[in-house]
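Please keep the sequence and the 3D view at hand while reading.

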Amino acid sequence: MILKDEIEPNNDVITAMPLGGNDVKVKGYINPNADIDFYTFTANAGDKVYVATQTAFSSPGSTDSILDIISSDGFQVLETDDNDGSFGSNSSSIAGTVIPATGTYYIRVRHISTSIKLLPYYLYFRLQSGTPVAETEPNNSTSTANVFPNSGWVSGALSSDQDSDYYSISLNAGDTIFISLDFNPERDATTWNGQIGFGEFSLFYLTAADPNTQSPNSEGFFLTVKISGTYYIVVAPDGNTFGTYQLSASVLPASNTAVSVYSNTTVKAIPSGPASITSTINIPANKRIESLKVSLNLFHGNIADLDVRLTSPSGNTVILFTDIAAFSPMDIKLDDNAAIPLGSFPIVNNIVYQPPKEYRLEWFKGQLTQGTWTLTIADDTADNAGQLNSWGIEIEEQEPVIGTLTSIYTNDFETNDGGFIHSGAQDEWERGTPTFAPITTANSGTKCWKTDLDNTYNFNANFDLISPNIYIPAIGNNNAYLSWAQKFQFAGTDNADTHAYAYVEIQEVGTVNRKRVWEWLGPTMVGNVGSPSVTINEAAGWGLSRVNINDFATKTIRVIFHFESDASNTRLAGWAIDDVDIFKTFCPNNLTLTDTNNYSGVYSRVVASEVITATNEVTTNTTIQNPSNLVYQATKAIVLLPNFKADGVGGTVFSAQIGGCN
């Protein structure tokens, strides 16, 4: 399975986003109101489509998607679904739609209401070709389970309302599985209602069992597992009906990106409340965060009593969860990119969950790791106690820009406004030192731009902060980037109301050419924890954002920071901007060391498979005869350490083949 982000515009068949594979997961947004998203794929006659939405992480709280599969002419709806999904309760699932003829087809995603958004939704898609593998009876227990085939597709039947079919599948830690179950593969207008079970987790099976019985009926299930092992997919009745089925399952492998893990294994008692405890992790490395995950292992007499939050070294706090109904013990990882949110099941053992829909770990993105991270656990009622066994932070580092950097524009706003101007309804952009919590510092120095330095933003705002015109020179085979530091606290989207909205856009001066490079589509960044209740002003940043702007080479641009708010009483600290930089990179095409040259440093992106660290002295031996050449190749970097020496007589003995830098 391939993970992708939706690419706008894709609101009709003309601009439909290609899925680009037969096994894909897409993160998308129904935004603005009445938005419709189209995706396109190619298929052969007789292929079958399995597709479902996960809407439970959507910050507005409404989960009611509609899913359509549309013919190659863009007009005929081959199959539609409103409420067959289970994550959230009104999400959509379609399983086993038959492709009538070879060609291009479309998937359409929309909200049932034209005045409500999905922020975000996840679309899971699997195209099956050929013939499913028939089940082999008996397979009604884990001991007789069929091994799920590599094709990811089986057919079977339940013979009674007491029958269940088991399939075993091996998964690695961090894998996400998408299971799609078709209760009417014959498409003969007769169907039955069953359920998907998946396990085991603390001796339990997790189920998707939507009550809908309209033909053609289906179920969709998603989960990210925390540990490697053998798991079981179960097809079972949901009531007294039974019949034939076809079952599809596909796996999004765990990311193989290198991460750094920091943990605290000191056991700490959680006293009966009202009370709270803290536990800390000191991270010595000063890495820039691309993504952050949190692991928790604890026991408590009533997990629903607990409110848990994480505070970064710079002081901004993000709530992880509050009052989750769950069975103890808890042994989970929280990851924004996991399959489903915490709270979807009461089982919280050996599963990777998204945080609940009100919270986002992405609010730590772009920050530096160095310093003390603090986990706070508040027990807000009496009568139950427990203990924190361990917790940890997993950091994926933001990829550094490698090469010689040349500044095109830079300003930290300490001595002047950088040529920025601002305007619009209820315009409050101000340059200076912010004083309204939780934004009380600049990223560097003492000054930045903020929507209001000493208060919340206003009602009914709609205003822009605009850079001066900036010419982006030719970059050749190299790259150009825009980066900026930001810290923000916004009131998000609740049901039909978008209380605040922000984006960063690059515009080519004098044309309609523009590109949105950052957008705020999250939940309200404030929550209440503990007893008596304490209001937590969550915040994102200061974090560094960076985007590639190669599309604007040889053009004159301006950068626009846009903000708007509604008439709601929910107004928060707003948005601060600092350290705006535009720069380009330069990397030569090759590196050659001859004879006794030595080299120390990092050499850019190259052409083969892995990062290679070259530490050995290259000398004449039976394998390498002077003046023979030694060539190292890699995808990201070749690192030549100080003790590396190219030693030979006459000719080049070391070269790095470069494919350009990042």
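Begin with Arg126, which forms a salt bridge with Asp23, the closest N and O atoms being 3.4 Å apart; a salt bridge here is a side-chain nitrogen of Lys or Arg within 4 Å of a carboxyl oxygen of Asp or Glu. This is a predicted model, in which local features need pLDDT of at least 70 and side-chain atom pairs count only at pLDDT 80 or more, while totals for chains, interfaces and linings use all residues. Residues are numbered from 1 along each chain as its sequence is written, and side-chain values use heavy atoms, with hydrogens and water left out.

Strands are DSSP runs (E, at least two residues), numbered from the N terminus. Arg126 and Asp23 are both buried, where buried means under 20% relative accessible area, exposed over 50% and partly exposed in between (1.4 Å probe, protein chains only).

A second salt bridge joins Glu79 and Arg187, with 3.2 Å between the closest N and O atoms. Glu79 is buried, because its relative accessible area is 10%, whereas Arg187, at 26%, is partly exposed.

Lys226 and Asp331 also form a salt bridge, their closest N and O atoms being 3.3 Å apart. Lys226 sits in the loop between strand S18 (218-225) and strand S19 (229-237), and Asp331 in strand S27 (residues 330-334), 105 residues away. Lys226 has 21% relative accessibility and therefore counts as partly exposed; Asp331, at 16%, counts as buried. Elsewhere, salt bridges with shared partners join Lys293, Lys333, Asp335 and Glu394 into one network. The count comes to 15 salt bridges.

Now turn to the nonpolar residues. The largest nonpolar core has 114 residues, of which Phe198, Phe561 and Trp575 touch the most other members. Such a core is a set of buried Ala, Val, Leu, Ile, Met, Phe, Trp, Tyr and Cys residues joined through side-chain atoms within 4.5 Å. Strand S24 (residues 289-300) gives the most to this core, with five residues. Apart from this core lies another, of 22 residues, including Val26, Phe41, Tyr121 and Phe125.

Conventions
Helices (H or I, at least four residues) and strands (E, at least two) are DSSP runs, numbered from the N terminus.
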